[in-house]
Amino acid sequence: MDSSMAGSLKKHIGVIILAAGSSSRLGKPKQLLMVGGKSLIIRVCEAALSLNIAKVVVVTGAYAERVRSGIVHLPVMVIFNEEWEEGMASSIRKGMEVLSSQMDAVIILLCDQVNLNSSLLAEIRDAYLNSSFKVVYCRYGDEIGVPALFDKAMFPELFQLRGDTGAKPIIKRHLEQSQAISFPGGDTDIDRPSDVRDEL
């Protein structure tokens, strides 16, 4: 048994997939956009499930029923965030309500990072399991952010998030307790119609 699998027996890790946004700049639900023959929400769910960890939670909001119907065949827990209009923080809190009492760590994912893959998520998981870092986050260009893993020591700060800022402030406050993972193409996401390219 390799070290990452041995560590996984001792640590319960959950995933929160943020899929509640209205995609207002795009004009249609980005969660359901097709990339490589699959919707973005299916792609991120499958990447998360490939980790074979404790639980994957998808937080819906603006297009709740359409998103849910698109992933009904997958073994994920889908929950509705009635406060989705507040922004990303409300969905993180909603996911934490489900996972915090059961997990040693959570990984936060977006559904519009088109270059996200299972290998990157496995690297994040293993960096946590094989170290004492409390946060493992991604770096792309000059940016830092998600996917990011937070140890339970960070859970109180995740519950304190408000607005549309996401978890980046927590990462910045704890850089000395964190490990960065390179995520080439992590800054490629879909926000506007011009971001939807034929090659996707």
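Reader: How many residues does α4 have, and what makes its reach close to the span expected?

Author: Helix α4 has 12 residues and reaches 17 Å from its first C-alpha to its last, close to the 16 Å expected at 1.5 Å a residue. The expected span is 1.5 Å times one less than the number of residues. Before we go on: this is a predicted model, where local features need pLDDT of at least 70, side-chain atom pairs count only at pLDDT 80 or more, and totals for chains, interfaces and linings use all residues. Residues are numbered from 1 along each chain as its sequence is written, and side-chain values use heavy atoms, with hydrogens and water left out.

Reader: What makes something a helix or a strand here, and how many of each does the chain have?

Author: They're DSSP runs, numbered from the N terminus: helices are H or I with at least four residues, strands are E with at least two. The chain has 7 helices and 9 strands.

Reader: Why is Arg93 called buried?

Author: Buried means under 20% relative accessible area, exposed means over 50%, and partly exposed is in between (1.4 Å probe, protein chains only). Arg93 comes out at 12%, so it counts as buried. You'll find Arg93 in helix α4, residues 88-99.

Reader: And why is Ser119 called exposed?

Author: Its relative accessibility is 54%, so Ser119 counts as exposed. Ser119 belongs to helix α5, residues 118-129.

Reader: How do you know that α4 is largely enclosed?

Author: Count the residues: 10 of the 12 in α4 are buried, so the rest of the structure largely encloses this helix. Among the buried ones are Ile92, Met96 and Leu99. Their cover includes β1 (13-19), β4 (55-60), β5 (77-80), β6 and α6 (155-159).

Reader: Which residues is Arg93 in contact with, leaving aside its neighbours within four places in sequence?

Author: Contact means heavy atoms within 4.5 Å. With those neighbours set aside, Arg93 is in contact with Glu83, Glu86, Leu158, Phe159, Leu161 and Arg162. The side chain of Arg93 also reaches the backbone oxygen of Leu161 at 2.7 Å.

Reader: Is Gln113 buried or exposed, and how do you know?

Author: Gln113 has a relative accessible area of 7%, so it's buried. This residue is in the loop between β6 (105-110) and α5. A polar atom of its side chain lies 3.0 Å from the backbone oxygen of Val146.

Reader: What is the order of the strands in the open sheet?

Author: The 7 strands run β5-β4-β1-β6-β8-β7-β9, with mixed pairing. β5 and β9 (178-182) each have a single partner strand, so they stand at the edges, and one side of each is left without a neighbour in the sheet. Two strands pair if DSSP finds at least two bridges between them.

Reader: How many bridges join β1 to β4?

Author: There are 6 bridges between β1 and β4, and these strands run parallel. Ile17 stands opposite Val58 in β4.

Reader: Where does α4 lie, and at what angle to β1?

Author: Helix α4 lies across β1, β4, β5 and β6, running at about 150° to β1. Axes are lines fitted to C-alpha atoms, for helices over the stretch in contact, and angles run from 0 to 180 degrees between N-to-C directions.

Technical notes: A polar contact is a pair of N or O atoms within 3.5 Å; within protein, one must be able to donate a hydrogen and the other to accept it, and residues adjacent in sequence count only if both atoms are side-chain atoms.
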